[in-house]
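I opened my notebook to look up how two chains sit against each other. My entries follow.

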Number of protein chains: 2
Amino acid sequence: MATIYDVSQLAGVSLATVSRVMNKNTNVSEKTRQKVLDAMDKLGYRPNTFAQSLASNCSNSVGVLVSQLDGPYYGPMMAEIEASLRLENKHVIIAVGHSDAAQEKDSVEFLLDRGCDALILDVEAVSDEYLINLSKGPTSIVLINRYIEQINERCIYLENELGGYMATRHLISQGHRNIAYISGPAKKHDAIERLVGHKRALSEVNVDFDPALCFEGDYREEGGVDGMTYLLQQRPTKPFTAVVCANDQMVSGAISVCLERGMYIPQDLSFVGFDNIPFARYVSPKLTTVNNPIHEMGKMAALWLLKNLYNKNIEVNNVFMPELVERESSIPV
Amino acid sequence: MATIYDVSQLAGVSLATVSRVMNKNTNVSEKTRQKVLDAMDKLGYRPNTFAQSLASNCSNSVGVLVSQLDGPYYGPMMAEIEASLRLENKHVIIAVGHSDAAQEKDSVEFLLDRGCDALILDVEAVSDEYLINLSKGPTSIVLINRYIEQINERCIYLENELGGYMATRHLISQGHRNIAYISGPAKKHDAIERLVGHKRALSEVNVDFDPALCFEGDYREEGGVDGMTYLLQQRPTKPFTAVVCANDQMVSGAISVCLERGMYIPQDLSFVGFDNIPFARYVSPKLTTVNNPIHEMGKMAALWLLKNLYNKNIEVNNVFMPELVERESSIPV
DNA sequence: CTGTTAGCGCGTTCAC
DNA sequence: GTGAACGCGCTAACAG
């Protein structure tokens, strides 16, 4: 492997000059710049990134910490992050937190040790205080999917409360009043917010929130199955006509339970989901759901870093709006 | 940030000794080892990975190149790779190839430049020759989802041909003889192999493969939609009773077309998919499909590296077998 | 505009 | 068992 030294020899210049042309430093005459460039590709020279990082204290890498890698949620986000960063020759190191405080902290340490220039975090178990503290450290961080007032400019998030409101509001506009709810894990911020939105929509039409009609799921298909099984037990005494699930995967699980029992969807029961994952429009019935622009949020996190860390000139906005996508899983009572 | 020098000062030993205890070198007396350890955590010392990499020429990182990050396929794979490697304190750098030769090569270069100790590649556009050549280089590679004879010990793959055979064979055992096929992209190796398996099953019962009953999809829901739309046009003259799709996503798209036209599934048409993605068991009807242990293959790739590169003592096997998962989307004629 | 010279933090011979 | 010294490949003043 050729080194910068070899290049300097072949080009007949000093190490520093070679370094200058690599780093697009303007103070190099076009003539010597060409000599160096020629020498470089004659030698097939590739800079050693470790040496660069060691000397410059900049790794051109960003760590991305997500809760999980499987499921339909994080893939699109990661894809956009990778693509945006890659364009600027930054690379991404991934780590998984599993929604567990210890593992999340451990992953942060791990990424920090790896010398990441910055961290993109989608964490839920760790405390606000921890993150605020972390943000005061030398490595800048961006939060996806979480809002913390003290560091709000570092937060890229969806108005989950509004989304939850829209889901239930839609059912209400269709005449539903007895609406069950399968929520996400109570420890997840977005799950809490979506539920709050649901309650707000209910209270707007003076319907009391009934805890017996609310089940805490896990954001997975199984959670939908469990939730629906539970709700169906309640139904004889609490005849709800619609169910909103805090994400599409749970809708899918919930509907599968209904179909197995011979119910017709949406005739017997209306459903509204959340996230608008790709499957939502191919499943039967096609899911009415709330769109979550997760890929855009991933991209925005990457752009935020490019702007604030690598000084690119880019427009950034932090907050994203949910949108109702009306399809076939919900109908008027 | 404390350096190795600070530790050596506090412990009253030399730099070399500190380095020795870090690298578990045995030639250190227990007494001085303790002094060093104490000094380390007193200072909150963390080794600088760049300096380590530069000096040792080993980065403890592996590059993972996949075709795409979204969709239900690569998430589980990435998850297992990350988990297995992380346990050994290796980190993973991801890159995306988009099934395009230029981008795949570019990504390989990118990862190589990043000083990865090894590469895990799930590539399809790049030629066998390129990969064989790459395997001769200083950085070792593992291939997921692809078999190349000359470097077979580096290949972790599924018996796709057998899987394709099993899918169609299942339908045949149910009495179907006129079976349509929606394949994956012709440029993808696994798509080709699955189709070959399909043809083998057909020929076993002396049924001629009818090109008019075969559609090249894209492995996405849209491909299933397009494929089914096409096939339905053929049906008046070619009355097939079953469809096998080269993956579950396309089944989902295909079924949605049928349902929209008022057909009943599986009564009017049987379906068999491939991959057994999580959704397959929650969709209606529940998908009969061929299980693809993609997460195990991811894990195996990571273990292979641990064994062959980092000298861990691990059992490894390269080839995985598909398994038919019978559910509800296919019934006897 | 270009060259010289220190480091960056750590691994690794060598002596002792 | 331990320490001194050099080198990994590159960046960043500083000097000219």
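I began with the surfaces that meet. In this predicted model, 100% of the interface residues of chain A are also interface residues in chain B, so the copies meet through the same surface. I looked up the contacts next: 49 residues of chain A touch 49 residues of chain B.

How much area do chain A and chain B bury between them? I found about 4300 Å², with 61% of it on carbon and sulfur atoms.

Next came the polar side. I noted eight salt bridges between chain A and chain B. In one of them, Arg86(B) pairs with Asp106(A), and the closest N and O atoms are 3.3 Å apart. I also noted 22 residue pairs in polar contact between the chains.

Which elements of chain A give two or more residues to the side that touches chain B? Among them I found α5 (74–87), β2 (91–96) and α6 (101–113). By class, this side of chain A has 20 nonpolar, 16 polar and 13 charged residues.

Last, I followed the strands. β2(A) pairs with β2 of chain B (residues 91–96) in the antiparallel sense, over three bridges. There, Ile94(A) stands opposite Val92(B).

Conventions:
Residues are numbered from 1 along each chain as its sequence is written. Chains are lettered from A and ligands numbered from 1 in the order in which they are written. This is a predicted model: local features need pLDDT of at least 70, side-chain atom pairs count only at pLDDT 80 or more; totals for chains, interfaces and linings use all residues. Side-chain values use heavy atoms; hydrogens and water are left out. Contact means heavy atoms within 4.5 Å. Buried area is the accessible area (1.4 Å probe) that two parts lose on being put together, summed over both. A salt bridge is a side-chain nitrogen of Lys or Arg within 4 Å of a carboxyl oxygen of Asp or Glu. A polar contact is a pair of N or O atoms within 3.5 Å; within protein, one must be able to donate a hydrogen and the other to accept it, and residues adjacent in sequence count only if both atoms are side-chain atoms. Helices (H or I, at least four residues) and strands (E, at least two) are DSSP runs, numbered from the N terminus. Ala, Val, Leu, Ile, Met, Phe, Trp, Tyr, Cys and Pro count as nonpolar, Asp, Glu, Lys and Arg as charged, and the others, Gly among them, as polar. Two strands pair if DSSP finds at least two bridges between them.
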